[in-house]
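Hello,

Here is the structure I promised to pass on to you. Please open it first, and then read my notes below.

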Amino acid sequence: MNRRIYILNGPNLNLLGKRQPEIYGHDTLADVERDCAALGAELGLETALFQSNHEGDIIDRIHEARDQAAGIIINPAAYTHTSVAILDALNAFDGPVLEVHISNVHKRESFRHHSYVSLRADGVIAGFGVQGYTLALRRMATLLA
Ligand code: DQA
């Protein structure tokens with residue numbers, strides 16, 4: 001069975017570590033990629049991390065995941081709160097989907113309280129900092145066992 005997990009990241013997350021560190025912390029997306037790859041090796045999962053500032057690119061990756069990945073971990077960033085198109089793409093993916101937010105979106109502005117992606121996600125992690133990605137990966141291993 002395919003043991004590849006796509007870790008998809010939406011807009012502005014390329015600036016992770018530099019952007020609003022009081023909210024998102026000092027770790028970069030490269031740190032997240034390295035930590036997930038190391039944990040994935042322990043769990044017998046191969047990780048592939050992507051980031052895009054463009055909605056269509058994220059949708060294309062989700063389509064690609066249909067035959068390239070066993071599961072998707074996604075931080076859609078601001079598209080969480082706006083994108084029916086990303087929800088529709090995730091609904092066309094058969095494996096587990098886990099939604100990650102670095103910050104606790106429920107403690108923030110009310111427009112961040114609604115997530116289209118949560119209508120599809122099998123689990124949601126918010127407010128655990130970048131550790132949320134590795135926690136999601138552990139959960140993914142359980143779901144795929
Ligand atoms: C975020 C929360 C979103 O509301 C925000 O637009 C982001 C990042 C998070 O990881 O906490 O860009 O998804």
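To follow the names used here, note that helices (H or I, at least four residues) and strands (E, at least two) are DSSP runs, numbered from the N terminus. This is a predicted model, in which local features need pLDDT of at least 70, side-chain atom pairs count only at pLDDT 80 or more, and totals for chains, interfaces and linings use all residues. Residues are numbered from 1 along each chain as its sequence is written, and side-chain values use heavy atoms, with hydrogens and water left out.

Let's begin with Ser 103, which lies in the loop between strand E4 (97-101) and strand E5 (123-126). Ser 103 has a relative accessible area of 7%, so it counts as buried (under 20%; exposed is over 50%, partly exposed in between; 1.4 Å probe, protein chains only). Leaving aside neighbours within four places in sequence, Ser 103 is in contact (heavy atoms within 4.5 Å) with Ile 23, Tyr 24, Arg 108, Ala 126 and Gly 127.

Next, strand E4. In E4, 5 of its 5 residues are buried. Val 97, Glu 99 and His 101 lie on one side, with Leu 98 and Val 100 on the other. In a regular strand the side chains alternate between the two faces of the sheet.

What does E4 pair with? Two strands pair if DSSP finds at least two bridges between them. Strand E3 (residues 71-75) and E4 pair in the parallel sense over 3 bridges, and Ile 72 has Val 97 as its bridge partner in E4. E4 and E5 also run parallel, joined by 4 bridges, with Glu 99 opposite Val 124 in E5.

Best wishes
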